[in-house]
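Keep the sequence and the model side by side.

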Amino acid sequence: MSPRPHPWRDNGEPPSPRVPLRFGYGTNGLADLRLDDALALLADLGYDGVGLTLDHMHLDPLAPDLAARTRRLAQRLDALGLDVTVETGARYVLDPRRKHGPSLLDPDPDDRARRVDLLIRAVRVAADLGAHAVHCFSGITPAGTDPDTAWDRLAEALTPVLDAATTAGVPLAVEPEPGHLLATLADFHRLRRTLGDPDHLGLTLDIGHCQCLEPLSPADCIRAVGPWLRHVQIEDMRRGIHEHLPFGDGEIDFPPVLAALAATGYQGLTVVELPRHSHAGPHFAELSLPFLRGAETTALRSPLPVPSHGDPSATTEGSTS
């Protein structure tokens, strides 16, 4: 299965505004289901795709015969008509005792190399699945590590991953994560400039994280980062509280968010991110898509927002607050 085209790179310009949005659901919110059952559920519910977290229960990236298992999954996704993004946020896939460990910031270079290897495996899986991006994040700064050292480690560790992504033709989409070294949009731009703005380095924008800690509104965040947008995660959230919530349980006004997203011409998946609601994953998957489609319909009745371009300037560069 060859990678699908990435329209934003074809001629240097984003596609026309108001393209229909394409919604997916993350397998980290369906962790109690077998992967094939989860995919069949999402197809039956009408989702356009899936955010596939590589984990021990869902396409284990460390188990034998990864390439053969990936080929079978590609065939299944094609049969179900589902697109895919590859996500790398499994909590204990590398270490059964350290959540998200080891990270790209780990003091031990051998441990950092284990995370790099996982991300390179994810890039290969994404290429074989025709995924539109590979998601990743920086990790939390280890105790006793000064920020400059942490940023140096991050840039050094991501370089071979970006090389693999460039070879595979799959964007690497880094997610600002509350509490991590790379926590904000300003931090993403710091990394981008440090690495020389490589073509295959893009952004995963989590809409809830914008509500949680960015100085701009979620819709304004989207307008500010349109040129770098490669993957979107979506859920509800409250200001100052990093808790992924079902739609309607937080503070986000979604029609302006979806209107802004449509105006960028973004054509990747917008993936529902509810990992802590996995115990009732099928229920929330069933509720989430009608909510998003309804919000999109409302958004389409509103005036088209004017996208802005350039780095958001309301957050101090390098901030991790």
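Is Asp-111 buried or exposed? Asp-111 counts as buried, at 15% relative accessibility. Here buried means under 20% relative accessible area, exposed over 50%, and partly exposed in between (1.4 Å probe, protein chains only).

This is a predicted model: local features need pLDDT of at least 70, side-chain atom pairs count only at pLDDT 80 or more, and totals for chains, interfaces and linings use all residues. Residues are numbered from 1 along each chain as its sequence is written, and side-chain values use heavy atoms, with hydrogens and water left out.

Side chains of opposite charge can pair when their charged atoms come close. A salt bridge needs a side-chain nitrogen of Lys or Arg within 4 Å of a carboxyl oxygen of Asp or Glu. The count comes to 13.

Start with Arg-98, which is partly exposed at 33% relative accessibility. Its side chain forms a salt bridge with Asp-111 (3.3 Å, N to O). Arg-98 sits in the loop between β3 (83-87) and α3 (109-129), Asp-111 in helix α3, 13 residues apart. Helices (H or I, at least four residues) and strands (E, at least two) are DSSP runs, numbered from the N terminus. Arg-98 also meets Asp-95 (3.0 Å, N to O). Asp-95 is buried, at 12%. Shared partners join Asp-95, Arg-98, Asp-106, Asp-111 and Arg-114 into one network of salt bridges.

Now turn to Arg-293 and Asp-48, whose side chains meet in a salt bridge (2.8 Å, N to O). This pair links distant parts of the chain, 245 residues apart. Arg-293 lies in helix α9 (residues 281-300), and Asp-48 in the loop between α1 (35-45) and β2 (49-53). Arg-293 is partly exposed at 27%; Asp-48 is partly exposed at 23%.
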